Amino acid sequence: MNKPVSDIDRPHSNDRLAASLFAEVLIADQLSRNLISKALPRGMQISHFSVLNLLAHVNEERTPAQLAEAFHITRGAMTNTLSRLEWAGHVHIRPDWDDARRKFVSISPSGRAARDAAIAAFMPLIADVVRDIGADRVRGALPVLRELRLRLEGGPL
């Protein structure tokens with residue numbers, strides 16, 4: 001007796017599934033960045049918010065190299081972002097007293113206020129999306145998205 005062949009058993013079906021998954025992730029990324037960018041306070045970019053958010057979350061200094069690694073960008077790109085944040089008064093950059101070649105970055109009170117204002121501006125928008133999709137469905141998607149991120153980072157699962 002022949003067993004019916006499902007899409008999963010067909011050759012290349014995983015290729016189609018992977019392509020669909022990555023297409024949805026890329027489109028969702030672009031649309032969510034657009035939504036958040038429009039809601040951010042004037043002059044703030046997503047890269048600025050992301051650095052401020054990480055510094056506020058860890059609540060301790062980081063080197064520019066550590067920040068670049070955390071965001072998977074070059075040190076030059078991070079230096080540019082930090083220069084803009086420092087100019088705006090959102091971060092403090094100080095030399096490492098033990099190694100003059102290194103610097104440390106911390107969030108300033110102004111940076112914390114800017115980060116909080118950004119969250120207040122876009123949180124209602126993303127909360128609406130979660131409400132519309134349904135909290136249980138979003139909770140169910142998170143483990144898959146987290147595993148996808150970990151695989152792409154090359155880290156342990």
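**A tour from surface patch to buried ring pair**

Select Leu21, Phe22, Leu26 and Leu152: together they make a nonpolar surface patch of about 390 Å². Keep in mind that this is a predicted model.

Next, select helix α1, residues 13-39. Helix α1 gives the most to the nonpolar patch, with three residues. Stay on this helix and pick out Phe22, which has its place there.

Now turn to the aromatic rings. Rings count as a pair if their centres lie within 6.5 Å. By this rule there is one aromatic pair. Show Phe49 and Phe122: they form the pair, with 5.2 Å from centre to centre and 85 degrees between the planes. The arrangement is edge-to-face, because planes over 60 degrees apart count as such.

Which helices does the pair link? Select helix α2 (residues 46-58) for Phe49 and helix α5 (residues 109-133) for Phe122. The two residues are 73 residues apart, so the pair links distant parts of the chain.

Check the cover on each ring residue. Phe49 is buried, with a relative accessible area of 10%. Phe122 is buried too, at 6%. Both labels follow because buried means under 20%.

Finally, select residues 14-154. UniProt, in an unreviewed entry, places the feature "domain: HTH marR-type" here. Over this stretch the chain is 74% helix and 7% strand.

Key. Residues are numbered from 1 along each chain as its sequence is written. This is a predicted model: local features need pLDDT of at least 70, side-chain atom pairs count only at pLDDT 80 or more; totals for chains, interfaces and linings use all residues. Side-chain values use heavy atoms; hydrogens and water are left out. Patches are made of residues with over 30% relative accessible area and no salt bridge: like charges are joined within 9 Å, nonpolar side chains (Val, Leu, Ile, Met, Phe, Trp, Tyr) within 5 Å. Accessible areas come from the Shrake-Rupley method with a 1.4 Å probe; for residues, only the protein chains shown count as cover. A salt bridge is a side-chain nitrogen of Lys or Arg within 4 Å of a carboxyl oxygen of Asp or Glu. Helices (H or I, at least four residues) and strands (E, at least two) are DSSP runs, numbered from the N terminus. Rings of Phe, Tyr and Trp (its six-membered ring) pair if their centres lie within 6.5 Å; planes under 30 degrees apart count as stacked, over 60 as edge-to-face and the rest as tilted. Buried means under 20% relative accessible area, exposed over 50%, partly exposed in between (1.4 Å probe, protein chains only). UniProt positions are given in the numbering used here, feature names are shortened, and annotations may be inferred rather than shown by experiment.
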